[in-house]
Amino acid sequence: QVRLVESGGGLVEPGGSLRLSCVASGSIFSIEGMAWHRQAPGKARELVAFITSRGFTKHVDSVKGRFTISRDDAKNTTYLQMDNLKPEDTAVYYCNADGKVAVDKRFAIWGQGTQVTVSS
C-alpha cells in the first residue's frame with residue numbers, strides 16, 4: 001500500500017511564502033509523475049504543477065513565476081515552493097503521484113490535502 005502525506009500549509013499574508021511537502025511511503029518500486037492540485041471553496045479541483053521522473057516541469061499560467069515544483073527521489077518527496085502568494089491562491093492543496101509497486105503493477109494515489117489560506 002502506498003500513501004501520500006502533505007504538510008506545510010497554513011495562514012500567510014499576501015506576498016508571503018510557503019513550502020508544501022508531499023512524502024510518499026509504502027511498497028514503492030518507482031515513482032513517475034508527481035503533481036500538485038488545488039481546490040478552492042465552490043470551485044473544481046485544478047492542476048497547479050507537475051513534474052516527471054526526468055524532472056520536466058509544467059506550471060499553470062496563474063502560478064508561473066511564483067510557484068516552483070521540485071522533487072527529491074531519494075526521499076520520495078515532492079515540494080511546492082509558493083512565493084508572492086495572493087488571496088486567490090487560497091485553497092486546499094492536494095498532492096498526487098503515479099508509479100509502480102512492482103514491475104507489472106501500477107499505482108495512482110492522492111494525499112489528504114493541506115489548507116493554504118492567504119489573508120491579511
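1. K100 touches I28, F29, S30, E32, K105, R106 and F107, leaving aside residues up to four places away in sequence; a contact here means heavy atoms within 4.5 Å. K100 itself sits in strand β9, residues 91–102. Strands (E, at least two residues) and helices (H or I, at least four) are DSSP runs, numbered from the N terminus. K100 is partly exposed because its relative accessible area is 24%; buried means under 20%, exposed over 50%, and partly exposed lies in between, with a 1.4 Å probe and protein chains only. From K100 to A35 there are 65 residues in sequence and 16 Å in space, C-alpha to C-alpha.

2. On the basis of the note: this is a predicted model, in which local features need pLDDT of at least 70 and side-chain atom pairs count only at pLDDT 80 or more, while totals for chains, interfaces and linings use all residues. Residues are numbered from 1 along each chain as its sequence is written, and side-chain values use heavy atoms, with hydrogens and water left out.

3. How many helices and strands does the protein chain have? The count is zero helices and 11 strands. In sequence order the pattern is therefore β-β-β-β-β-β-β-β-β-β-β.

4. The overall dimensions come next. The radius of gyration of the protein chain is 14 Å, which agrees with the value near 14 Å for a compact globule of 120 residues. That radius is taken over C-alpha atoms, and the globule rule is 2.2 Å times the number of residues to the power 0.38. The C-alpha trace spans about 50 × 25 × 25 Å along its principal axes.

5. Of the 120 residues in the protein chain, 40% are buried. The chain exposes about 6,500 Å², and carbon and sulfur atoms supply 49% of that area. Accessible areas come from the Shrake-Rupley method with a 1.4 Å probe; for residues, only the protein chains shown count as cover. Among contacts between residues at least 6 apart in sequence, 56% join residues at least 24 apart.

6. On charge, the protein chain has 15 positive and 12 negative side chains, and the centres of the two sets lie 3 Å apart. Lys and Arg count as positive and Asp and Glu as negative, with His and the chain ends not counted. The place of a charge is taken as NZ of Lys, CZ of Arg, CG of Asp or CD of Glu.

7. Strand β4 (residues 30–39) and strand β5 (residues 46–51) run antiparallel and are joined by five bridges; two strands pair if DSSP finds at least two bridges between them. M34 stands opposite I51 in β5. The hairpin of β4 and β5 has six residues between the strands, and G42 there takes a positive phi near 80 degrees.

8. Strand β5 also pairs with β6, again antiparallel, through three bridges. A49 has H59 in β6 as its bridge partner. Five residues separate β5 and β6 in their hairpin, and G55 in the turn has a positive phi of about 90 degrees.

9. Which residues of strand β7 are on its covered face, and which on the uncovered one? In β7 (residues 67–72), F67, I69 and R71 form the covered face, whereas T68, S70 and D72 form the uncovered face. Six bridges link β7 to strand β8 (residues 77–82), and the two run antiparallel. I69, from the covered face, stands opposite L80 in β8.

10. Four residues lie between β7 and β8 in their hairpin. N76 counts as partly exposed, at 25% relative accessibility. N84, in the loop between β8 and β9, also has a positive phi of about 50 degrees and is not a glycine. With 43% relative accessibility, N84 is partly exposed.

11. Is R66 buried or exposed? R66 counts as buried because its relative accessibility is 7%. R66 lies in the loop between β6 (57–59) and β7. R66 touches Q81, M82, D83, N84, L85, K86 and D89, not counting residues up to four places away in sequence.

12. R3 belongs to strand β1, residues 2–7. R3 is partly exposed at 48% relative accessibility. Beyond four places in sequence, R3 touches V23, A24, S25 and I109. R3 and S25 are 22 residues apart along the chain, and their C-alpha atoms are separated by 5.3 Å.
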